[in-house]
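Here is a short report for a reader meeting this structure for the first time. Please look over the sequence and the model before reading on.

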Amino acid sequence: MTFPTDPVPAVRYLAVTFDCADPAELARFYSEALGLPVALTTDDFVLVGREGTPGLGFYRVDDYRRPTWPDSSVPKQAHLDLGVDDLDAAEARLVALGAVTAGVQPLPDRRRILLDPAGHPFCITL
């Protein structure tokens with residue numbers, strides 16, 4: 001039996017990146033919502049996060065189509081789950097920043113589903 005002697009390459013989680021029509025707008029929303037600074041900006045990409053920790057990226061897609069959740073004709077693609085201490089206060093703050101409360105709320109006493117400015121659903125949960 002032989003064993004490889006080459007070291008295993010390190011793999012690090014760097015970011016989750018969302019497709020969108022306007023990276024700067026979506027980065028502003030998440031930067032303010034999560035208290036994260038903008039770490040990198042180009043014409044087509046913005047990354048929010050702190051150095052040395054995973055971040056959130058936003059990439060411009062010219063033919064971007066908003067998710068139609070809960071209808072699956074344009075899938076949600078991905079979503080974030082964010083922890084909060086007060087659902088009502090967090091929902092109000094995020095809506096003031098540009099989110100929209102989704103029309104479907106399966107567990108409204110424990111979790112709220114919101115849509116970010118690009119239409120991606122995300123949850124705030126106690």
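## Basis of the report

The model is predicted: local features need pLDDT of at least 70, side-chain atom pairs count only at pLDDT 80 or more, and totals for chains, interfaces and linings use all residues. Residues are numbered from 1 along each chain as its sequence is written, and side-chain values use heavy atoms, with hydrogens and water left out.

Helices (H or I, at least four residues) and strands (E, at least two) are DSSP runs, numbered from the N terminus.

Helix H2 spans residues 87–97. Its buried residues are Leu87, Ala90, Glu91, Leu94 and Leu97. Buried means under 20% relative accessible area, exposed means over 50%, and partly exposed lies in between (1.4 Å probe, protein chains only). An α-helix has 3.6 residues a turn, so residues three or four places apart point the same way.

Asp88 and Ala96 are exposed on the other side of H2. The buried residues pack against helix H1 (23–34) and strands E6 (100–101), E7 (111–115) and E8 (121–125). Contact here means heavy atoms within 4.5 Å.

## The ends of H2

Aspartate 86 caps the N-terminal end of H2. One of its side-chain oxygens lies 3.1 Å from the backbone nitrogen of aspartate 88. Just after H2, glycine 98 takes a positive phi of about 130°.

## Salt bridges

A salt bridge is a side-chain nitrogen of Lys or Arg within 4 Å of a carboxyl oxygen of Asp or Glu. The count comes to four by this rule. Asp88, Glu91 and Arg112 are linked in a network of salt bridges.

Arginine 112 meets aspartate 88 at 3.0 Å, N to O. Arginine 112 lies in strand E7 and aspartate 88 in helix H2, so the pair ties together parts 24 residues apart in sequence. Aspartate 88 counts as exposed, at 52% relative accessibility. Arginine 112 also meets glutamate 91, at 2.6 Å, N to O. That pair ties together parts 21 residues apart in sequence. Both arginine 112 and glutamate 91 are buried.

## A bridge elsewhere

Aspartate 44 and arginine 60 also form a salt bridge, at 2.9 Å, N to O. The pair links distant parts of the chain, 16 residues apart. Aspartate 44 is in the loop between strand E2 (38–41) and strand E3 (45–48). Arginine 60 is in strand E4 (residues 55–60). Aspartate 44 is partly exposed, at 37% relative accessible area. Arginine 60 counts as partly exposed too, at 28%.

Technical notes
Polar contact = N/O pair within 3.5 Å; in protein donor to acceptor, adjacent residues only side chain to side chain.
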